[in-house]
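Morning, everyone. Please bring the structure up on the screen. I'll take one residue, then the interface.

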Amino acid sequence: MKNIQPLCPRLHGGIKIEASASGDVSSNRRIVSVIVTELLGLSLDIPLFITKHPKTGAFDLSAIMAIEDGENLFLRDGEWCASQVPLNILREPFHILRSDAFVGESQEVIALAEGMVVGIDLESPRTSDEAGLQLFDEGGSPSPYLRQITTMLASLYSGHHATRLFLQTLAEMQLIAPAQIELPIHQKGFVAVNGLYTVDLARLADLDEAAIVRFHLNGYLQAIHAISNSAGHLAKLARWHQERQVRGTVGL
Amino acid sequence: MNITPLKRVVIVGGGTAGWITAGTLSAKWRDKGISITLVESPNVPIIGVGEGTWPTMRKTLQDMGVRETDFVRECSVAFKQGWKYARWLTGAEQEYYYHPLELPAAYHDQDLAPAWLEGKNGRSFSKSVCPQEEACEMGLGPKAITTAEYQGIANYAYHLDAGAFAEFLKRHCVEKLGVTHVLDDVVGIEVAPNDDIAALSLKGGTSVAGDLFVDCTGMRALLLGQHFGVGFRSCRKHLFVDTALALHAPYPSDDAPIASPTISTAQDAGWIWDIGLPQRRGIGYVYSSSHSSEEHALEQLRAYLQPDVADPDALEHRKIEFDPGHRETFWHRNVVAIGLSAGFLEPLEASSLLLVEISSGILAEQLPANRNMMDIVARRFNETLGYHWSRIIDFLKLHYVLSRRTEKFWVDNRVPESIPERLQELRSLWEHQLPWRHDLPRATEVYSAASYQYILYGMEYRPVDYLTYHGEQERRIALRHFDATERQAQHWSRKLPQHRELIDQIRAYGMSTV
């Protein structure tokens, strides 16, 4: 169970975080939400798709890290095997919290943006009282590590807005289409993968010149091609998945 | 010779029939030099009890360019997944069967009934061949919020607020589809030398000329009936129900489950419909006035409401009387009747809006190029619609003849003279042959053999004996489908949201088009 609380120098001054170059990679998340500015780097290794939020149906950007739930094929013996880690994995055990989501006496918080503060999962295995990176110095000021985290969370937060705008634009211009994918799965033959959407390149090609220029200038064109090209990594995931099934081991 | 091309279509009447016709025609023809005008009286209220559709309505709306999200939000829409027939067979308290909208498994390959009739799996026909009955009983919706507009995980149609629907279509037709809307009363008809209708004179002093007129004026059938005197063919000798008492009932709480089937519960002299919309239920008793007094009918209706409605006596009801039947022809000269002007039967199996869709669909596909073509199109239209009306009457009657209820209404319904000839013939056939696709030979049938199977087997029809070529291989295939259906039902129970949850999500977040 998670226990996410607003981070407070007075209450959490003693907490230390176990160092990890790749954030909380212990969790076997199959899909993680990503932001538009990450697409280019992630697309080097990881398949990226447009997905839908299960409770609202709203479009989201996602990195697909496994074929089956409870699996993360980019994680081998605790090591992250891709050139870039999605920010939503890297930020763990920290969270972005709405400041109106908790009631409490006026406690000190670490502000991120208008109405948003840094939160911490107190149940995370990476928090401890003994060894690790300090969050605050003796005077209660944020440590260089925490300042780095705060910057990351702030860019993640502003990235969410940019991402929503990007997806909204694609949806309005009817550029999103279901991805027709069938993957060879061990002992099941070809299995259709549902719930993944991508950019309709045929429709993109039909856009008028003004729209294309606009897309180029605001980076959408680059983002679209990153998503589009990254789909090829799914075949690699299917292969890795198959290899693990055959060997029956986690490490390759 | 008159070969002026057809340019102007004038629709009279602004109920759902009028606006569906206007939208269907306009979506296809407005850019092709055909003008669509709809004349609506500001003084005639729409009848507005057609609250159930067929799945075809999805395509009808999509073809008009309607966003399903807007439709769901603005017309109090809930998803309909079929019919639940309660107490139709013997009248016993807990008895029911389903007519789901999903086709039986393997429907296009093989009849599963012979294997089912062997009775080994102990489940009803509907449950054996289709997971939708279980989904309905679990209160599930037919899709998830992540499913695109007009797509379903399970097949579905709609329950809707008919008044809001007409308003919604009107806005869409006028604002998006360029339909000219004239709000005025028709006070006179200008006749052309060839006896066609040339124009309608309006109370405001103007007149509207047209090449083709669509009569959507409801039961009064202003153009086809009153002006041209085309006769009405009553089918009261087959279908006895002629009166409805309709009301709106509140839910006990805002988060009460919304039923996904249309629930039809048999009574002494007819049946009660129960349609769940997001904010209310639409409930009504349709009965035969020769078998029940209005007082007794009202008592039965209130007794039905008793368990879930705090004070049934406080609910106001509306009485609707109708002569079940249809016009002798539907297209005469340059007038075609669509909607209640063409005819009306009891609302069993939602045939009313379906016929509007079929009629307007044919009209849009076969719009006569000129007056010379019109008589050919009209003759073929009449033949097709005549066929559909007869088949609908057969199918509705089937529900009654299979009952074993003992009240006079039900006994009278089984008198052989009351059964249409063709249905009688099919029943003889089905004593020694299982109902299957060739029994309904048209490529487009209003009710397919699948519907007949659900009703027949649901009401415990059994052949006396029958010939079948089915052997071991067919049996194996069938058993595999029965297993797959059970697994599918389990899969849906994990995947599909509760019906009310789905409606709430759509109202809050909307659906995307992909």
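Leaving aside its neighbours within four places in sequence, which residues is Met64(B) in contact with? Keep in mind that this is a predicted model. The partners are Ile20(B), Gly23(B), Thr24(B), Ala27(B), Leu169(B), His172(B) and Leu177(B).

Take Leu169(B) from that list. Along the chain, Leu169(B) and Met64(B) are 105 residues apart. Their C-alpha atoms are separated by 9.5 Å.

Where does Met64(B) sit? Look at the loop between helix 2 (56-63) and helix 3 (68-74) of chain B. Is Met64(B) buried or exposed? Buried, because its relative accessibility is 2%, and the cut-off for buried is under 20%.

Now the interface. Chain A brings 11 residues to the contact, and chain B brings 10 residues. Between them, about 780 Å² is buried. Carbon and sulfur atoms give 54% of that area. On the chain A side, look at Lys52(A), Lys55(A) and Thr56(A). They supply 55% of the area that chain A buries against chain B, more than any other three residues.

How many salt bridges cross between chain A and chain B? The rule finds one. It joins the side chains of Lys55(A) and Glu501(B), at 3.1 Å, N to O.

Which element of chain A gives the most to the side touching chain B? Strand 13 (residues 176-178), with three residues. By type, that side of chain A has six nonpolar, three polar and two charged residues.

Note on methods:
Residues are numbered from 1 along each chain as its sequence is written. Chains are lettered from A and ligands numbered from 1 in the order in which they are written. This is a predicted model: local features need pLDDT of at least 70, side-chain atom pairs count only at pLDDT 80 or more; totals for chains, interfaces and linings use all residues. Side-chain values use heavy atoms; hydrogens and water are left out. Contact means heavy atoms within 4.5 Å. Buried area is the accessible area (1.4 Å probe) that two parts lose on being put together, summed over both. A salt bridge is a side-chain nitrogen of Lys or Arg within 4 Å of a carboxyl oxygen of Asp or Glu. Helices (H or I, at least four residues) and strands (E, at least two) are DSSP runs, numbered from the N terminus. Ala, Val, Leu, Ile, Met, Phe, Trp, Tyr, Cys and Pro count as nonpolar, Asp, Glu, Lys and Arg as charged, and the others, Gly among them, as polar. Buried means under 20% relative accessible area, exposed over 50%, partly exposed in between (1.4 Å probe, protein chains only).
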